[in-house]
Amino acid sequence: MRELDVISQIEQILQHSDIPKAYVQGDLEWMDKRVKTWTRSSWRIGVLGVTSSGKSTLINSLCGEEILPQEARPTSGVLVSCKKSPVRRATIIYKVGTTAQFTGEQLNKEVIADYADELKNPGNGKNVDEICLEFPDFLIGHDVEIVDSPGLDAFGLEGHEEIALRQLVPTVDLVLYVTTTKANSDKSNLNALNQIALEHKPVMVVQNFIDCVTSEVTSGGVVRRSVQEVEKRLRERMEKILQETDNKSLSRAPVFQISALEGLKSQGARLMDHWTQSRLQPLIDSLHAVCRQMEDQRSSRRLSQLLRHIDSMKERIQADLTTYHQDKGITSDVINRWDQLKKGIEVYIRNYDRKCEQVDRLFKDGRLLLNSRLGEIRKNWLLRDAESLAEHEIQAEAKKLKESAVKLQTDVFSSIDSSDAVEKRVLDILNLTYEDVRSHRRTFVQDDKVKIHKETKTKVTTSQRKKPSGFLWLKKAARFFTGESDYETVYEEEQIEVVNVRKTLEEFQAYVSLFDEQLASYVTSWKAEKEKRVHFIREEMARKNGVIAARANKPKDARVLESLLSRLGDIEEVWFGRAKQTAQEPAEMIIKAPVQEQPDLPLRTMRLSQDQLTYTQSLLSLAHRHKRAYAQAMIKKALVRHGNDPAAYNLWFFGRDELWMDQAFYSLFGTYPVGAASFNTFKQVKISTGSLPFQYAFLTTNDQIEGDFWKDGAAKPFGLIQLDIHQLGLTRKVLKGPLISKVLKNMPAVWMVQSLKEYLHDAGLSEAYKSYRELMEFASIPNPVCIVDHVNPIYTALFHTADQFMWHAGKGEEQEALSLLFTIFPQLDHADTRNEAGQFFKEVSSLLRVQN
């Protein structure tokens with residue numbers, strides 16, 4: 001096969017010694033997976049669908065025996081493939097590459113469940129990659145492999161969807177999409193089909209549970225729609241969903257309506273009545289025909305898949321190459337020495353705070369010294385006379401003050417420079433630019449002399465002068481006799497220029513303050529810039545650390561990537577040519593199924609007399625009235641439990657489709673919601689019949705309603721909520737959704753249990769109740785009230801009675817439940833009912849006791 005040759009060449013390129021294995025490990029595993037699946041069989045068909053759609057039952061019916069786990073819960077947790085083979089055998093393939101085989105009596109459903117069932121192998125804890133089953137009586141021909149997959153909507157098991165869509169779909173040649181006849185999975189189907197379309201795979205749709213379809217009958221016994229008409233509507237609804245998908249080929253996908261359960265009952269097509277009712281033969285014939293139709297395209301489609309993977313590899317390599325070019329500084333030498341370099345950077349970052357503290361301490365000590373010197377000058381000058389202060393002495397003091405300032409500035413600059421030098425080396429390691437700001441730095445010590453302020457002062461001098469003696473010393477004699485001194489004091493005034501000490505000291509103070517302010521501003525600015533650079537260094541180191549860590553599993557040299565890119569391009573050139581578009585698979589793949597499905601069976605004619613017809617209609621009408629009476633009784637019970645307020649209520653229907661709500665409305669009131677007023681998100685119907693205190697009914701299928709939508713007038717809200725106990729994954733999502741959570745907080749509600757028919761056909765009534773009970777516990781509903789959507793009202797009575805017990809005690813509860821049933825519903829007390837109810841309570845007690 002050409003595709004295997006392409007894979008072989010790609011593997012040789014990827015296994016080159018210069019390419020780390022971890023870099024291409026995913027690609028090698030991807031190709032190894034393709035080789036194994038493509039060589040194991042010619043055709044690989046994947047079976048996908050939502051949880052509980054009957055995928056495993058379908059494959060069991062093709063195998064002719066119940067070999068895969070099939071429950072109304074997520075079962076399949078791994079991929080399981082089935083094919084025709086002379087030997088009945090199971091091969092367990094582990095992810096590590098080892099295998100285990102079971103044959104003969106060793107191979108049974110319990111063994112397979114140990115590996116495939118989510119309950120027994122939760123989260124695939126046994127590390128199983130795939131289970132391969134082979135059967136001699138497999139109903140699909142040789143070289144065709146059918147692969148079962150986990151459900152796409154299992155609540156809390158999102159990994160199942162990953163297995164189905166990401167692991168299985170890319171490896172198959174055809175998708176068999178299994179859905180049900182229920183409308184409540186339409187949205188899930190549309191989402192899943194759109195995701196499958198992304199892989200450009202042809203799809204065939206299988207609508208299961210066709211055996212559960214019944215005719216629609218009015219309360220008067222008149223057939224509103226026959227079984228064939230209902231089936232036609234179901235097919236049209238599925239075709240409408242296909243029309244809404246994003247892929248044109250999907251819009252033309254064929255739809256097959258089958259019953260996988262009837263196929264299983266046929267025991268490998270040996271019981272023809274069941275086999276005919278299963279309608280599986282047209283599906284099998286069509287699968288063979290489609291495989292023949294796509295025979296010529298199989299290789300080209302696989303090559304196209306390889307081409308897409310090569311393109312994705314090239315995109316990844318090109319993106320890596322771009323980062324190599326962007327980080328040219330990250331050389332092989334840097335990578336090899338990175339741990340050592342990183343330690344040096346981390347030491348610098350740790351010392352950053354210490355260096356800032358050192359600069360602050362130098363500045364603080366220098367500032368104290370400078371202010372101390374200024375204080376000494378002030379004290380000295382204030383104690384001296386201004387006349388004694390000489391200008392040269394003042395200039396000498398100013399010089400000493402400047403020298404102290406210069407020393408402080410030098411010490412601060414020196415400490416900063418040493419830190420910046422280390423930082424420069426760190427930036428060089430990180431290949432970052434560094435601007436040396438020392439050339440722009442200016443001195444903060446002024447070179448001008450300190451200005452000396454002077455002032456003019458009047459100087460008064462005193463001296464002693466001898467008085468004159470006078471003629472014949474008469475004046476002196478007189479002073480002698482009077483005791484007057486011969487000397488007198490003489491005062492002389494002189495204008496002199498002296499230093500203004502106060503203003504000069506203010507000049508010194510201004511000088512010191514200006515220097516202090518400028519240097520402090522510089523230090524603060526440096527610390528702020530330092531903090532930014534350190535933050536940037538941290539970020540760049542983390543980025544480079546991430547880049548180098550990412551390159552740990554990548555080639556260290558960009559040239560290796562360039563060579564790898566070139567060689568992959570050569571493969572594209574050789575195998576696909578330059579016009580690669582021609583190798584792409586066509587956008588549309590229209591499956592032509594030459595084998596038509598089984599035609600609609602004609603209605604059987606029954607001849608009834610007028611009396612017989614009237615009697616039959618009366619029985620049907622009575623059954624519907626009984627069902628309606630029980631449903632209304634459950635609602636009244638819920639109203640009583642919440643106070644039985646005499647005020648009127650509005651009844652809100654919360655369901656997944658309009659058909660269900662129409663039938664639910666009919667079950668309660670005996671009429672269909674005719675004359676409903678339509679709004680954006682719901683329909684409103686006036687209620688004029690019935691004994692229930694409801695004014696209006698509101699029917700909504702919209703799960704995105706916002707606000708307090710039920711607050712309409714004086715009437716109180718009451719909810720009727722659809723509960724599908726068969727598709728548990730989807731129902732769990734609905735229960736945890738915003739709408740139902742809001743409903744349960746703001747109004748009393750009754751649950752209408754749907755899908756009982758599926759359980760009665762297969763697992764049984766007790767399993768149905770167990771699923772209902774699990775959903776109630778999942779939604780934290782302590783005392784639920786439910787109505788079972790079935791024409792026979794006994795099932796509502798049984799569920800209601802079983803809800804009154806915890807089923808933990810064991811002995812005695814079955815008898816108590818039976819006694820309570822006929823106390824509440826005495827009209828049901830007869831032999832057949834006692835037998836059925838007794839068996840039901842016994843099975844429920846056993847199931848729930850084991851579970852708890």
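## Exercises on a predicted model

At 17% relative accessibility, K33 counts as buried, since buried means under 20% relative accessible area, exposed over 50% and partly exposed in between (1.4 Å probe, protein chains only). This is a predicted model, in which local features need pLDDT of at least 70 and side-chain atom pairs count only at pLDDT 80 or more, while totals for chains, interfaces and linings use all residues. Residues are numbered from 1 along each chain as its sequence is written, and side-chain values use heavy atoms, with hydrogens and water left out.

**Exercise 1. Find the helix that holds K33, and the residues that K33 touches.**

Step 1: Look up the helix. K33 belongs to α2, residues 21-40. Helices (H or I, at least four residues) and strands (E, at least two) are DSSP runs, numbered from the N terminus.

Step 2: Set aside the neighbours within four places in sequence; K33 then contacts D129, E130 and T171. Contact means heavy atoms within 4.5 Å.

**Exercise 2. Describe how α1 and α2 meet.**

Step 1: Take the axes. Those of α1 (residues 2-14) and α2 come within 10 Å and cross at roughly 155 degrees. Axes are lines fitted to C-alpha atoms, for helices over the stretch in contact, and angles run from 0 to 180 degrees between N-to-C directions.

Step 2: Name the arrangement. The crossing angle makes α1 roughly antiparallel to α2, as angles under 35 degrees count as roughly parallel, over 145 as roughly antiparallel, 65 to 115 as roughly perpendicular and the rest as oblique.

Step 3: List the residues. On α1 the contact is made by E3, L4, I7, I10, E11 and L14, and on α2 the residues include V24, L28, M31 and W38.

Step 4: Sort them. The contact residues comprise nine nonpolar, one polar and five charged. Here Ala, Val, Leu, Ile, Met, Phe, Trp, Tyr, Cys and Pro count as nonpolar, Asp, Glu, Lys and Arg as charged, and the others, Gly among them, as polar.

**Exercise 3. Work out the strand order of the open nine-stranded sheet, and which strands stand at the edges.**

Step 1: Follow the strands across. The order is β4-β3-β5-β2-β6-β1-β7-β8-β11, with mixed pairing. Two strands pair if DSSP finds at least two bridges between them.

Step 2: Go to the edges. β4 (99-103) and β11 (255-257) each have a single partner strand, so one side of each is left without a neighbour in the sheet.

Step 3: β3 (residues 89-94) and β5 (residues 128-135) run antiparallel and are joined by six bridges; T91 stands opposite C132 in β5.

Step 4: α2 lies across β1, β2, β3, β5 and β6, at about 5 degrees to β5, while α3 (residues 55-63) lies across β1, β2, β5, β6 and β7, at about 145 degrees to β6.

**Exercise 4. Decide whether β7 is mostly covered or open, and name its partners.**

Step 1: Count the buried residues. Six of the six residues of β7 are buried, so the strand is mostly covered.

Step 2: Separate the two faces. L174, L176 and V178 point one way, and V175, Y177 and T179 the other.

Step 3: Turn to β1. Five bridges join β1 to β7 in parallel, and V47 has L176 as its bridge partner.

Step 4: Turn to β8 (residues 203-207). β7 and β8 also pair in the parallel sense, over five bridges, with V205 the bridge partner of Y177.
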